[in-house]
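Me: I've got a structure open and want a quick walk through it. Can we go piece by piece?

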4 protein chains.
Amino acid sequence: MTDRVETLIIGGGIIGHSISYYLNKSGVSTVVVEKSSSGSKATRAAAGMLGVHTENKQASVFHKLCETSRNLYKELSKELRNLTSIDIGLSEYGMIEISVDSEHERELAAKKEEFPDLDWITAEEMNHRYPYIKKTGGALFMKEDGHVEPANTCEAFKRAALFYGGRLIENNTVLGIEKVNEGYQVQLETGTLIAETVVVSSGADSGRWFEATGLENPIVPTKGECFSLFPARQYFKETLFFRNFYLVPKLDGRYVIGATSIPRDRSTTTTGGGLARLMNDVFAVLPGLADEPFQACWSGIRPGSVDDLPIIGEHPNLSGLYFATGHYRNGILLAPVTGQMIRDFIVENEVPYPEKEMLSPGRLATHERRVTL
Amino acid sequence: MTDRVETLIIGGGIIGHSISYYLNKSGVSTVVVEKSSSGSKATRAAAGMLGVHTENKQASVFHKLCETSRNLYKELSKELRNLTSIDIGLSEYGMIEISVDSEHERELAAKKEEFPDLDWITAEEMNHRYPYIKKTGGALFMKEDGHVEPANTCEAFKRAALFYGGRLIENNTVLGIEKVNEGYQVQLETGTLIAETVVVSSGADSGRWFEATGLENPIVPTKGECFSLFPARQYFKETLFFRNFYLVPKLDGRYVIGATSIPRDRSTTTTGGGLARLMNDVFAVLPGLADEPFQACWSGIRPGSVDDLPIIGEHPNLSGLYFATGHYRNGILLAPVTGQMIRDFIVENEVPYPEKEMLSPGRLATHERRVTL
Amino acid sequence: MTDRVETLIIGGGIIGHSISYYLNKSGVSTVVVEKSSSGSKATRAAAGMLGVHTENKQASVFHKLCETSRNLYKELSKELRNLTSIDIGLSEYGMIEISVDSEHERELAAKKEEFPDLDWITAEEMNHRYPYIKKTGGALFMKEDGHVEPANTCEAFKRAALFYGGRLIENNTVLGIEKVNEGYQVQLETGTLIAETVVVSSGADSGRWFEATGLENPIVPTKGECFSLFPARQYFKETLFFRNFYLVPKLDGRYVIGATSIPRDRSTTTTGGGLARLMNDVFAVLPGLADEPFQACWSGIRPGSVDDLPIIGEHPNLSGLYFATGHYRNGILLAPVTGQMIRDFIVENEVPYPEKEMLSPGRLATHERRVTL
Amino acid sequence: MTDRVETLIIGGGIIGHSISYYLNKSGVSTVVVEKSSSGSKATRAAAGMLGVHTENKQASVFHKLCETSRNLYKELSKELRNLTSIDIGLSEYGMIEISVDSEHERELAAKKEEFPDLDWITAEEMNHRYPYIKKTGGALFMKEDGHVEPANTCEAFKRAALFYGGRLIENNTVLGIEKVNEGYQVQLETGTLIAETVVVSSGADSGRWFEATGLENPIVPTKGECFSLFPARQYFKETLFFRNFYLVPKLDGRYVIGATSIPRDRSTTTTGGGLARLMNDVFAVLPGLADEPFQACWSGIRPGSVDDLPIIGEHPNLSGLYFATGHYRNGILLAPVTGQMIRDFIVENEVPYPEKEMLSPGRLATHERRVTL
């Protein structure tokens, strides 16, 4: 007799567990199937920035979605700590996007026009406040943006979902899914499940499920390499965002610095050359940090997408099959709102998101199935 | 020309850096001399419990001191985060001391008499609330007690002291100190400093400074071994305290479990046998935890003392030489109040602590110096 | 245009890379496809014992195969070091199987009858030579058995295969294979390859390929947990093999101790309870080791099989499709001979192995395909 | 009653344990006192090169000493493996010193004149054999030079010394030594020992013992930072030695690459800047390595000396007090011969080393004791 579930979620990163959390809280039971361990891939590699404005040049529905998601973290921080006693490490000291040449400064000034609520910091003020930054121009201060600790946040979503009745199967791969009368028959390495709805949230591994369901594969696995320093003293509290890299002062004293971006590289190593280039970029602008202790480096494969937007929504031809992937480097930022959107798609009749169309899998070209399901 | 400092602090663990923080904040400049890296020894090994009541059977001046210190952490948590952006990981879900036999239950009932503000939880209630604990008796709930993250707390004290002007010399050993006209001449591996006052806060390594200054050596280095699990779900939010061990649910999802206690063992390894005994004790009482993932184990050398009380105060014969050591397993708990006491000794004429005599180095027998300074 | 290869090998553990090494050396070019990193799963978790006799109670064709494979390591050790400068860590101090009760002693005595070349060590002699073993009975000394360092051995096979022209694709999953005219069309996450022959050597993940090709799935994923001590001194040079555990003195000074055996557990964590049980077993027999430093623990998923024999050979119905899996805890031991067998199957017309039938996939029951390829 | 020993050795790195090994083997019992763990400092950080010629520009008595010591490793490798079952990882694929400009090439050509046994490799031949090296000039091949694994070698010396009756006290500091009738009274943190002879072999921490005994302190603690890559394939088997860095292909597949050299820096961190500079130097000459995986970085404090020669021999005024330190980056290379020299000083009347005078502590200026013993 085959086990039956309401919603099966493929992929136990922060997106999958956020979806699981919101669904279970709304009374829809889930099974998350994760091929290795929860949060061990792109989630763990992320710096955790909530960069609403650094990821957007213009006010837009996508920018609005980012803002909504970031704002959800305030309440979530308390709720998840209460349910799981895990602290998601929300930092609210703001973010500064810093120009290093006049062209960049003009870009930032234009962004300030777009987002009047942001604060402009003049070059003089920047050089006064941050004397260890070499020749900074004007900068944008985004006081509401910050960061969370991705591993903790994913673990908190996971445990909160389990608290509300969710289930989790780790170290198991979904081999195939097939539309059947009652929903989807899902073939795992260890057996078969029947699910009413299926959500694909397996990040950079999601591509095969587009191909297998007759859609253009929008996923561009994109490697990112980071490193961390453990400075002997505090230089700044805000997240600093430069053109080629960023510095995130984590709540345990580390500075997480990222990131390279290498499309179509699926390898999980940090190359010597990638690390050297990133360090050279950082120390050219912040020479004083070169004297601080190196702590660690790592990499992750982000799920880029062909049009630089996530794919969130229902399959155009297969009802009950949802995608929630392609978040590139906004997976941590967008996890809460993605969880809510998928919950609303599954639970509600009305889905109140203006971004719905823009993010819909329906925008992808269809083709013959390239892989048998 | 010899460098001069107001206060030289021997030892850069949490005690040394707390003292440095409070002194610099009060305008007294310090140099902390640490033989390896800050917070890398007993501080880092600690579970971070703020066990005001688990460490005291009776209301006493020492109990009062513990309580004062614990209460300081609330304000400190905000202050240190503001100065350093480091989160000390303060958890305030309370602590439960749990009896597992009738004799132990009677002891706890007696403690409840001593501390009427604590809450009694009946055996029935305990078994209902914590069904995965095997055969628990009645328990004491101490809602104000909690824990901090020791490494973060020490690092925050360190950076806050540096912020206020303190200095730090790591990877250097104090070879000798000698009373001179202006205070103390301190011989490091790399040269000589003159300090008006000297504070010995080098934990389990402090013993030689008692011997070298004609005092009975009160320090009993006492090894403690811990391990951690990373449970797949949340069992409890409170710190659980049993007769032979405790479980501290840290804010990143780990359970830190401690600890063995081996007097006069200075080795820094975790033995297979020590770990096995601790695990056997834990899994006998909480059998379900045996299925949870092992994460890490480690050990530290706590500075026990001959009369089980810290030594905090001025040397009876050498004015300007202070001790702040012997905290055994209360170093994290007592770091704030120890810092304040030493600051008050050095800065104020009046020292308002009733515990002053009880903790004074003057209680130690004097003898001929066994080691030349 | 689809890329074409002679042999595609699914799985880059020690078995896959040994096959790749022998094939390339014989002029057959290969592509190894590994879902994560080479040698990172069961290979890395293994203790590396070459336990020809501990794994066999009776002389048999299987025993002969084990012996052949062990003997190959002597020459391989030099050859691989020469090709790659990697030392596979071959230790030839022999292995001792030790009885701890009279029933066990009788079993070992019977084994001595089977294998007259082995040496018997009396209980008296054992207690004299190994005074730190508690109450040992008689023992069997297998002077030719030893161990290698699995990670090094796999890496050496890998690099030697690359030296001979082999290719390696890591971080990629084989989604499906389909029989076509020229051989097999293999669907990866990143595209399609055409291979003349395909070898399945993906250890505990191999099961799906049996199911997908109409065979009974013989694979029983079986978790094994190990730990290591780093003793302060040398106790013994031989590998010690007891009924429930073994101790392997590695060439860097560690003692690797294993292993639990949990069928159908695919999780990759080491549970507290598993570790405690293993340590309790070891310290009951070797109490002195309880004082030695714990170093690490880990686990791996071994590919057990339903009849406790590996599956090595060609698919009964699909020519050009080979299996080399199900080695349970003999993967390191049997890697060389498995590589040679698959090479002989693919390269030679005559396959001179008497074990051929016994290990053949043809012994498995056939059924309808449960998963579409 | 004070414990008595024949020889007390201060410092349990590779030098101290080599001395202990040779002394115990010759019947002189020792106690090694190590402040933390054996081999955990400069020993563990070393790459392990046996660079007889890279460390010498001219044939000299010091060069001869290096050669003698290197040659000892062949026999030692077998002897230590036999006594301890630890493999010291001796690699004998030779070393190549490579010029990258014409001035450097002339220097190497001059060295070839000095050491006629070395082989010259022309620039053409180099570019042919090592096409991934950018624009190499001529090179010197030193076929006898190689490397060992320092941690294993130190551990093997340690266990072999224990096997012959030596003793080891870890986690303890020597506070003072005083000449008494029977030899030296040595004050540890835990008590007092009387030793007939004392050997100072505490590397970069040795300086205080020169100062304390009225000698000029010759020790220049010199930090060195290294990193390692784990290449996917084998590039070369020989150790490559360039002007600013070297690459050591270890027997487990790692390339250890070193090293920065920062006099009077005693910190144990690896700075981001130090790592970046080293990587930039390496990747400029070997650009292909930039694509290989970064594995780890670390640092150690080498005991440099004021005249760039080790100090090995008896104190000019205090008979029975020996020094064996100041080996800078030749500690691994010179450990065997240093052990033999100190053994000969202590055991034999005649000491047959022509280098005796050159290395003698007697060459150091004397002064008033700066630290009381």
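Me: How much area do chain A and chain B bury between them?
Reply: About 2000 Å². Carbon and sulfur atoms hold 42% of that. Bear in mind that this is a predicted model.

Me: How many residues does the contact take from chain A and from chain B?
Reply: The contact uses 25 residues from chain A and 25 residues from chain B.

Me: Switching to chain A by itself. How many helices and strands?
Reply: Chain A has 10 helices and 19 strands. Its radius of gyration is 21 Å, close to the 21 Å that the globule rule gives for 373 residues, so chain A is as compact as a globular protein of that length. The C-alpha trace spans about 70 × 40 × 40 Å along its principal axes.

Me: What share of chain A is buried?
Reply: Buried residues are 64% of the 373. The accessible surface of chain A is about 13500 Å², and 47% of it belongs to carbon and sulfur atoms.

Me: What share of the chain A contacts comes from residues 24 or more positions apart?
Reply: 73%, counting contacts with a separation of 6 or more.

Me: Let's zoom in. Where is A:Phe210, and is it buried or exposed?
Reply: A:Phe210 sits in helix H7 of chain A, residues 207–211. A:Phe210 is buried, with a relative accessible area of 0%.

Me: What is A:Phe210 in contact with, beyond its sequence neighbours?
Reply: Setting aside residues within four places, its contacts include A:Leu215, A:Pro218, A:Ile219, A:Ile311, A:Phe323 and A:Leu364.

Me: Over to chain D. What does helix H6 look like there?
Reply: H6 of chain D covers residues 150–163, 14 residues in total. From first C-alpha to last it reaches 20 Å, close to the 20 Å expected at 1.5 Å a residue. H6(D) is mostly covered, with 12 of its 14 residues buried. Among the buried ones are D:Cys154, D:Phe157 and D:Arg159.

Me: What covers the buried residues of H6(D)?
Reply: The cover includes helices H1, H2, H3 and H9 and strand S8, each from chain D. Just after H6(D), D:Gly165 takes a positive phi of about 110 degrees.

Me: I noticed an arginine in H3 of chain D. Is D:Arg70 buried or exposed?
Reply: Buried, at 8% relative accessible area. D:Arg70 is in helix H3 of chain D. Leaving out residues up to four places away, D:Arg70 touches D:Leu50, D:Val52, D:His53, D:Glu144, D:Asp145 and D:Leu333.

Me: Now the backbone. Which peptide bond in chain A is cis?
Reply: The one from A:Gly258 to A:Ala259, with omega near -10 degrees. A:Ala259 is in the loop between strands S15 and S16 of chain A. In chain D, the bond from D:Gly258 to D:Ala259 is cis too, with omega near -10 degrees. Most peptide bonds are trans.

Me: What is the phi of A:Asp308?
Reply: Near 60 degrees, a positive value in a residue other than glycine. A:Asp308 lies in the loop between strands S17 and S18 of chain A. At 64% relative accessibility, A:Asp308 counts as exposed.

Me: And D:Lys135, what phi?
Reply: Near 50 degrees, again positive in a residue other than glycine. D:Lys135 is in the loop between helix H5 and strand S6 of chain D. D:Lys135 counts as exposed, at 66% relative accessibility.

Definitions and conventions. Residues are numbered from 1 along each chain as its sequence is written. Chains are lettered from A and ligands numbered from 1 in the order in which they are written. This is a predicted model: local features need pLDDT of at least 70, side-chain atom pairs count only at pLDDT 80 or more; totals for chains, interfaces and linings use all residues. Side-chain values use heavy atoms; hydrogens and water are left out. Helices (H or I, at least four residues) and strands (E, at least two) are DSSP runs, numbered from the N terminus. The expected span of a helix is 1.5 Å times one less than its number of residues. Buried means under 20% relative accessible area, exposed over 50%, partly exposed in between (1.4 Å probe, protein chains only). Contact means heavy atoms within 4.5 Å. The radius of gyration is taken over C-alpha atoms; the globule rule is 2.2 Å times the number of residues to the power 0.38. Accessible areas come from the Shrake-Rupley method with a 1.4 Å probe; for residues, only the protein chains shown count as cover. Buried area is the accessible area (1.4 Å probe) that two parts lose on being put together, summed over both.
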